[in-house]
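Reader: Before we discuss packing, could you show me the sequence and the model side by side?

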Amino acid sequence: MLPASQWASTVATLCKNAVASSKYDGCFLDTLGIAPLSPGYVTSPPVNPSTHQVFTKQTWIADQSNTITATKSANSGELIMANGLHDGTYFQYTEPLLGADGTAMAETWLRVSTGPESRFPSLSEWQEDVSMLVTAGAKNEVIGVVTKLWSKATAAQITQWHIFMIATFLMGTNGTSLYCFTASHTVAGLSEDSPLDHTAIGMPTAAMTQKSGVYMRTFTNGIAAVNPGTGSVTIQLGGSYINLAGKVVTSETLPAHSGDVFIK
């Protein structure tokens with residue numbers, strides 16, 4: 001299944017047949033990206049038949065992008081979503097997958113699914129995850145980011161990660177990208193509908209700003225704030241707001257690796 005022209009046409013046909021039989025409105029192209037080039041992901045790295053050498057990241061992604069383009073061309077009007085952006089750190093390599101159709105998924109955004117629940121992204125990693133959303137929005141492209149907490153997290157840790165993920169997403173989205181938070185590898189965990197995901201904050205009114213280690217962004221109906229650092233920081237909101245815990249606040253102390261959303 002090398003990303004060659006024959007495979008591109010095969011995937012395009014598979015998608016067309018699946019749409020016709022299922023009556024769904026598109027296809028999800030899974031397991032793209034540069035993971036197959038990583039040691040341990042496959043038993044042997046893929047070899048480029050043109051060079052007889054292991055694919056470079058650039059060539060591998062370019063060929064996969066051709067597969068996306070061919071699938072889109074053969075399925076005009078259908079939604080084609082590729083999974084392979086990985087996260088903000090890898091976006092420098094995987095961005096062409098997004099450019100091929102304007103819609104793609106980043107499956108390990110903010111964390112790897114089974115990593116320790118106490119392992120949060122470094123500041124630079126966090127900034128890169130936000131930046132990829134900003135880049136996509138500027139081009140009217142859509143990224144579906146997924147944060148999986150498939151570990152033995154406590155209820156408090158699940159809530160911390162969920163809010164941290166939502167607030168981080170709000171730092172970068174322009175209102176067109178999508179997010180999914182899942183706390184378990186089960187049907188219930190993958191389909192959970194939390195009140196946290198229905199917070200009516202409105203549309204962004206400005207870009208993200210940073211002060212004293214806290215990143216904030218204003219919206220038509222509130223403020224989002226994230227503390228991606230390792231120490232607590234107190235923020236002043238400049239008025240009364242309702243936070244995600246349902247409390248009326250004018251200020252709040254954000255612990256390390258936390259966030260919150262404040263509604264007018």
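Reader: Which residues are exposed on the other side of α1?

Author: This is a predicted model, and in it helix α1 covers residues 5-22. The buried residues of this helix are A8, V11, A12, C15 and V19, and they lie on the same side of α1 because they cover an arc of only 100° around the axis. On the other side of α1, where exposed means over 50% relative accessible area, the residues are Q6, L14 and S21.

Reader: Which residue follows α1, and what is its phi?

Author: Helix α1 has 18 residues and reaches 26 Å from its first C-alpha to its last, close to the 26 Å expected at 1.5 Å a residue. The residue that follows α1 is K23, and its phi is positive, near 70°.

Reader: Leaving aside neighbours within four places in sequence, which residues is W109 in contact with?

Author: W109 is among the residues that touch the most other members of the largest nonpolar core. With neighbours within four places in sequence left aside, its contacts are H86, D87, D129, M132, L133, V145, V146, T147, M165, T168 and F169.

Key. Residues numbered from 1 in each chain as written. Predicted model: local features only at pLDDT ≥ 70, side-chain atom pairs only at ≥ 80, totals over all residues. Heavy atoms only, no water. Helix = DSSP H or I, 4+ residues; strand = E, 2+ residues; numbered from the N terminus. Expected span 1.5 Å × (residues − 1). Buried < 20%, exposed > 50% of the residue type's maximum accessible area, 1.4 Å probe, protein only. Arc of directions from axis to C-beta. Core = buried A, V, L, I, M, F, W, Y, C linked by side-chain atoms within 4.5 Å. Contact = heavy atoms within 4.5 Å.
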